[in-house]
Amino acid sequence: MAASLCYNFFFLPPLYTFTITDPTNFAAFFFFTVIAIVVSNLAARVRTLAVAAMARARTTDALYAFSRKLAGVGTLDDVLWATAYQAALMLKVRVVLLLPGDGSIVVKAGYPPEDVLDQADLAAATWAWEHNRPAGRGSDTLPGAKRLFLPMRTGRGAIGIVGIDSDKAGPLLTPDQRRLLDALIDQAALAIERVYLVDDLDQAKRRAEADRLRSALLTSISHDLKTPLAAILGAAGTLRGFARKLDDEGKVDLLSTIIEESERLNRFIANLLDMTRLEAGSIKLNTSPQDIGEIVGTALERASKMLARHNIEVEIVADLPMLELDPVLFEQALFNLLDNAAKYAPPETTVRVQAQQEENTVELRVLDEGAGIPPDEIDLIFDKFHRARKLDEVRAGTGLGLAISRGFIEAMGGSITAANRSDRSGAVFTITLSIPKPAERLDTAA
Amino acid sequence: MNATPLKVLVVDDEPPIRKLLRMGLGTQGFQTIDAPNGKAAIELMVEQPDLVILDLGLPDVPGLELLRQIRARREDLPIVVLSSRGDEAAKVEALDLGADDYVTKPFGMEELLARMRAALRHQLQVHGDRPIFRLGDLSVDLVRRIVKLRDQKVRLSPKEYELLRLLVHNAGKVLTHKFLLRELWSTPIDAQYLRVYVRQLRQKIEPDPTRPQYILTETGIGYRLRAPD
């Protein structure tokens, strides 16, 4: 327009006025002006479109970045926090996210952080959740609420609620912003669903693992209970039915079988009870200062029958400090290690029990001279129902002893590890126990 | 043993256990009377038993309560308690309430008979302690206060001797930490002092102190001197 006026002023006679006298010139001026107006309008349109396109591109970029961020986070809390943060940042609003829980819908995340909603907002959020439709500020339902609540939906239905508000007067969101929010919500809903699915999968895996353990338990129980029972029943039945045909030696043999198998059954049941107590978390510690050497002595005494054909060597450093232990549990843990050594180390070999003081700990070792532990099983050896491979037929172990040892030792704050001996073949089990602080210790005055 | 057989009251709700005890104790010359519950047990007290075998898990009364009632009637009656594994607290409580000893189910008949003999020792030996106590390589002269291991004199501190004397006097019987602490020290003292003295005594009288054969540890309960054969 300015250009048309200049053209008129400078070039159309009469010169230096805005008056147009010649009709030809008038027509020319008119066309010129019209064209100028059209062109300038077009240019403005193009620029507006370009600006809008750039904004959309930025939004798309941000959404893309957001979706990548969501794909990378694993926990529900992370997903919620990222969503709240992103929505608050892009829309310049305050955001709360609500998920079902405790029978209703509760605030799980917010940016800026928010824990509770007032009554009106809670009612709007609940309505939005129950009806799977928007509610609150600027909507048809409960418009008195401070926030606008929108359901987050996936293919399986509403998964949560997002609530937004801002201090700005008037409409909360422009249509563009609303579309952006919808896009954000869709992505967040998918991410939340993904987290749920992973959780479900984990639970399914855990259930499968529990099932596997349960069937292993049943196999183990039925085998370990029935084998000694069969021997006992058989021996007792033979004694009753054929006593007259048996010589004294035969009778004593059968009686010994009954006693030995009963003892085995008793040990197995004791193990099962211990394991059950551990699993139920019903182990009551009864700790007091204990002399390690004394407990080693009682454990060896209890294990003397099963270790009758092994050599036993005890090397316990004199004047070890007293340790805070539950003597009954510790003796059982040690007994199970000795039982294990008796099973896996052949007769006439030496089982060694060593105890020595390290800086702040006492280390108790049980070393045997058996074949050792296959390297790939070292990490598994304390697992329930794990039995060393290929040896099942020879040793009727329960696969519980070492798991119980570990459970008891850890309950007392100690640790237990398994390894192979470096000096020769054989396994070494090490129990590490911390020494109470000097103030709690006793002077060994005579 | 006395001319008349000793009478044992068996209190257990399991018929197979009562039958086993009747037969097993019968072979050793004991006469048994048995009760399936606490009520019957109290009624049978009029028969003046010489010893009671008491299962702590009874259907009608808590075993410890019945123990208290029996003890209230007869202060000197030896009582051996039958209890289950892992329940050390109940064993200690039973011993504190005056039970003489305990056997953990399942038990062997020999073990039960050994406990009964120890509990009856003072009845069986009316003349009191023999002057010289012998156990393996160990001999203890309670009159002259001389302790020998393989005929070598062993020097004990007064407290160590006092501990050994208590154990010898109650040979074969379990002595709780609480009992020993009370007998050995006039003032309340931590149980770990007792452990220290036991360790020292073992160093002096056990052939292999790492694997004690004379002073036995009853884990979580106390100590027992092995009874001479």
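This is a predicted model: local features need pLDDT of at least 70, side-chain atom pairs count only at pLDDT 80 or more; totals for chains, interfaces and linings use all residues.

Student: What makes α9(A) largely enclosed by the rest of the structure?

Tutor: Count the buried positions. A residue is buried when 20 or more other C-beta atoms lie within 10 Å of its own, and nine of the eleven residues of α9(A) are buried, so the helix is largely enclosed. Those residues are Gly401(A), Leu402(A), Ala403(A), Ile404(A), Ser405(A), Arg406(A), Gly407(A), Phe408(A) and Ile409(A).

Student: What covers the buried residues of α9(A)?

Tutor: The cover includes α6, α8, β11 (415–420) and β12 (427–434) of chain A. Just after α9(A), there is also a backbone detail to look at: Gly413(A) has a positive phi of about 85°.

Student: Now α2(A) and α3(A). How do you know that they are roughly antiparallel?

Tutor: α2(A) covers residues 23–72 and α3(A) covers 76–91; they pack at about 165°, with axes 10 Å apart. The cut-off for roughly antiparallel is over 145 degrees, and the angle passes it, so the label for α2(A) and α3(A) is roughly antiparallel. Here the crossing is right-handed.

Student: Which residues meet there, and what are their classes?

Tutor: Ala62(A), Phe66(A), Lys69(A) and Leu70(A) in α2(A) meet Val79(A), Ala82(A), Gln86(A) and Met90(A) in α3(A). The class count for this contact is six nonpolar, one polar and one charged.

Student: Gln86(A) is in that list. Is Gln86(A) buried or exposed?

Tutor: Gln86(A), which lies in α3(A), has 22 other C-beta atoms within 10 Å. Buried needs 20 or more, so Gln86(A) counts as buried. Leaving aside neighbours within four places in sequence, Gln86(A) is in contact with Phe66(A) and Leu184(A). The C-alpha atoms of Gln86(A) and Leu181(A) are 9.9 Å apart, although 95 residues separate the two along the chain.

Student: And the interface: how many residues of chain A and chain B are in contact?

Tutor: 22 residues of chain A are in contact with 16 residues of chain B. On the chain A side, α6 (248–280), β6 (288–290), α7 (292–302), β7 (311–316) and α8 (327–344) each supply at least two residues. α7(A) gives the most, with seven. By class, the chain A side divides into eleven nonpolar, seven polar and four charged residues.

Student: What do the scores say about chain B and the model?

Tutor: Chain B averages a pLDDT of 90, and 94% of its residues score at least 70. The model scores ipTM 0.85 and pTM 0.66. Chain B has eight helices and twelve strands, and 34% of its 229 residues count as buried.

Key. Residues are numbered from 1 along each chain as its sequence is written. Chains are lettered from A and ligands numbered from 1 in the order in which they are written. Two residues are in contact if their C-beta atoms, placed from the backbone, lie within 7 Å. Helices (H or I, at least four residues) and strands (E, at least two) are DSSP runs, numbered from the N terminus. Ala, Val, Leu, Ile, Met, Phe, Trp, Tyr, Cys and Pro count as nonpolar, Asp, Glu, Lys and Arg as charged, and the others, Gly among them, as polar. Axes are lines fitted to C-alpha atoms, for helices over the stretch in contact, and angles run from 0 to 180 degrees between N-to-C directions. Angles under 35 degrees count as roughly parallel, over 145 as roughly antiparallel, 65 to 115 as roughly perpendicular and the rest as oblique. A crossing is left-handed if the near helix is turned anticlockwise from the far one by less than a right angle, and right-handed if clockwise. A residue is buried if 20 or more other C-beta atoms lie within 10 Å of its own, exposed if 12 or fewer, and partly exposed in between; C-beta atoms are placed from the backbone. pLDDT is the predictor's confidence in each residue, from 0 to 100.
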